[in-house]
Amino acid sequence: MELLIKNGSVYDPSNGINGDKADISIKDGKIVDKVSSKATVIDAGGRLVMAGGVDAHSHIAGAKVNVGRIMRPEDTRSGIKPRTKLTRPTTGYTVPNVYAMGYRYAQMGYTTVFEAAQAIMKARHTHEELEEIPIIDKGALTLFGSNWPTMDFVREKNMDKLAAYISWGLLASRGFGVKVVNPGGGEMWGFGKNVTSLDDVVPNFDVTPREIIVSLMKANEMLGLPHSVHLHCNNLGKPGNYKTTLASMELADQVKASRDRQVLHVTHLLFNSMGGTNWGDFESKADEVANYLNNHDNVTGDMGQMIFGSATTMTADGPVQYANAKLMHAKWANGDVELEDASGVVPLYYIKQVSVYAIMWATGLELGLLTKDPYKMLLTTDHPNGGPFVNYSEVIALLMSNKKRQEEIKTVHEAVHSKTRLPGIERELDFSEIAIMTRAGTAKVLGLLDTKGHLGVGADADVSIYDIKPDQIDPSVEHAKIKSAFSSAAYTIKGGQVVVKDGQITATPMGRTYWVDARVPEQHTNEMMKDIVKKFKNYYSIQLANYMVQDAYLTHPKVVKAGAIPVEVR
Amino acid sequence: MQIVTIKPTKEIKISTEVENISPDKFAGKTEQEIKSLEAWIGNQKMTIGELFSVKVEGSAPAADTKIVMEGDFSRVKRIGEGMTAGLVIINGNVDMHLGAKMSGGKISVKGNVDSWAGREMKGGELIIEGNAGYYLGAGYRGESCGMRGGKITVMGNALDFVGEHMCGGEIIVNGNTGILPGLSNNGGKIVIGGNTSRPGSEMSKGTIIVNGTVDEMMPVFKLEGNEAVDGVTYKKYTGDVIVNGKGLLYIK
């Protein structure tokens, strides 16, 4: 199967191609040097060509996504499309059904998406859903931040056991990386409490969030995992939390990266860049956070941009969801994952005329615009916390057009002028920078830049073509065209197969599920397993034998190998 | 003025959904055009013409369109859904979701209506001369706002959960209602002529007036003394105190 994409205006920033006219040759699902004359030709006709989109943080599958579906029957009433000969029925907006996840991402030109949080104990559910999401490649980050074994090994300062636990946890959950949510807070929420700073001691475990984060970063680098620690900071969603965020970022200085990437990825920074002391004097501190990123190369972040309208917030951060539900008189679902984590789901409606929401909306855009290097600030909406992923085109248009931003600013609460810097920011991102924030940067942060996020020889043949001619459009003025083009790809090619043409699904191949097989010395695993067996005997409600995700759950696995290497500590 | 007369051509025994029966959809259309509009009976897609006889007089925009429905529509759902103007007169009983999401115009029913009449209604008027089912003027499953505006009048009785999650508008039930009228209310006004039970639970805003007896009172309201409304003296309660509500409950 050969394919040749001709006359594209190609943006492939990690290979130094910025809008050059170039042909892309595809053979057997990979990008190659050249193809024979028998290849099927797609004439891009000068239109925008990028690698397939990569999303590093989106809640697309698993227990809490499903809780969102169950508690929001009203959401299911939107986005309804009956089945066709090719596609299965779709429903929902903020919490779409599994098929819609795959179709809608592919229709936007995205081909790889990572679920941002799965508890090991709930991983079977995650994989059952991932197996039903068509077209896109996917994977899931595994929660380690409040797990009892993690905190035990951190307290014992036993890095070998901690690394062995991560290795085993990734195997047990078929996970891709280490996700840390409100470290320590998940455990304390079991007692109706929360941690409020990096130095609060978690009762019964005698560890602090600071120790948990640093130890997990060290273990992550010992294992040489493709992705770094992926942190959802303490104090998320509280005014004044930017100080906690900055202090958390500083912890990255204590650890050296084992690969060419960051040592810490701080996610949905919008919710962690809050100034003020309460909701009355609440303001954006995106400039401080962006400034830190501009001066440090070991930390990356993503926006978590807010979209006005309906959202379903879902997170392993149980206490913040209780606060949200009380504050907004909203529906609330609470979950407890035994020895591992808490969770909460709360539907919210972001209104333009509410000052807090207007400031948060501006904060996300400030983060995108004030961070100079787009490799350090990925484009996300923390789907569906900030808003559904189908709105990425709106975010792209806002980042590319100051005119659109000024038009929007006129329609939102006036606090956006006094509490944020957004009205005075004139920067407009170009296609290269967008390609980095949605493709090359994401792939680099995930440690997948060898095969994803670029169009060089050897990369996966994931390509998207958008219906705009970069040399004939002024994104600043014609932002409506930008938005419409990025919301519906002219072509999406996944693994060398055309899956979307003119915004319509044309094929529904099964994507692969990425997971990391990180090896550690056998005696470390044996030592660690003694503790785990004890935990199952004394505390877990299920047997160890029923805990592991078996191979049968992953019909199209893509295993990334990693393994213990000596860690350098500065 | 456009007058459209609709009659079932045969007895409809299984659930039928015809959201296309609405002045907005019929306005300016000929008999043939109306007959070819979509209708669902059970899991089968059909047309209005296959289920009903249609007679059209004149042609006018939605505001000047009157639909007269003669016969038994007790298995026909979603009549007048989302209508913005015009008049629908139904000389018979109807099934669920009558006038759901309507924002203008008027529907008048001679018979009884089933559950969810006036669901999430935004404006206009709904007059029911018989009885209403459950969830009159309520929000559908999961919805945080039911009725937001307009007026519903029921001459007979209504069943449970009248105006659940109501955020605005007015519901008048001349007869009795079932349990929990005004459940989780966040605005609007409910007037009950007869008896009810456990009114206003979880209400944070809005007004409920009960002229009959209240069989059981939720212990979440604070008695504020007597107050006259439109010349009638009621006991005035505020609540629901559990949700820190500012709802008003007047009981004779």
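In which sense do strand E11 and strand E12 of chain B pair, and over how many bridges? Let's start there. Strand E11 (residues 151-154) and strand E12 (residues 170-173) of chain B pair in the parallel sense, over 4 bridges. Strands here are DSSP runs of E, at least two residues long, helices are runs of H or I, at least four residues long, and both are numbered from the N terminus. Two strands pair if DSSP finds at least two bridges between them.

Some ground rules. This is a predicted model, where local features need pLDDT of at least 70, side-chain atom pairs count only at pLDDT 80 or more, and totals for chains, interfaces and linings use all residues. Residues are numbered from 1 along each chain as its sequence is written, chains are lettered from A and ligands numbered from 1 in the order in which they are written, and side-chain values use heavy atoms, with hydrogens and water left out.

Back to chain B. Ile152(B) has Ile171(B) in E12(B) as its bridge partner. E12(B) also pairs with strand E13 (residues 186-192) of chain B, in the parallel sense, over 4 bridges. As background, strands of a sheet pair through backbone hydrogen bonds, either parallel or antiparallel.

Next, an open sheet in chain B. Its 4 strands run in the order E4-E3-E2-E7, and the pairing is mixed. Strand E3 (residues 38-41) of chain B pairs with E4(B) in the antiparallel sense over 4 bridges. Look for Ala39(B): opposite it in E4(B) stands Met46(B).

Now chain A. Here 3 strands form an open sheet, in the order E15-E17-E16, with antiparallel pairing. Strand E15 (309-315) and strand E16 (333-337) of chain A each have a single partner strand, so one side of each is left without a neighbour in the sheet. Neighbouring strands of this sheet are turned by 15 degrees against each other on average, direction ignored. E15(A) and strand E17 (residues 341-350) of chain A pair over 7 bridges, in the antiparallel sense. Thr312(A) has Pro347(A) as its bridge partner in E17(A).

Where are the cis peptide bonds? One joins His383(A) and Pro384(A), with omega about -5 degrees. Pro384(A) sits in the loop between strand E18 (377-378) and helix H13 (392-400) of chain A. Another joins Gly239(B) and Asp240(B), with omega about 0 degrees. Asp240(B) is in the loop between strand E16 (232-239) and strand E17 (247-251) of chain B. Then there is Asn235(A): not a glycine, yet its phi is positive, about 65 degrees. Find Asn235(A) in the loop between strand E10 (229-232) and helix H9 (242-250) of chain A. For reference, most residues other than glycine have a negative phi, and most peptide bonds are trans.

Last stop: where the chains meet. The contact (heavy atoms within 4.5 Å) takes 8 residues from chain B and 5 residues from chain A. Together the chains bury about 440 Å², 44% of it on carbon and sulfur atoms. Buried area is the accessible area (1.4 Å probe) that two parts lose on being put together, summed over both. Arg141(B), Gly142(B) and Glu143(B) supply 67% of the area that chain B buries against chain A, more than any other three residues.

How many salt bridges cross the interface of chain B and chain A? The rule finds 2 salt bridges there. It asks for a side-chain nitrogen of Lys or Arg within 4 Å of a carboxyl oxygen of Asp or Glu. In one salt bridge, the side chains of Glu120(B) and Arg77(A) meet at 3.0 Å, N to O.

Terms used: Axes are lines fitted to C-alpha atoms, for helices over the stretch in contact, and angles run from 0 to 180 degrees between N-to-C directions.
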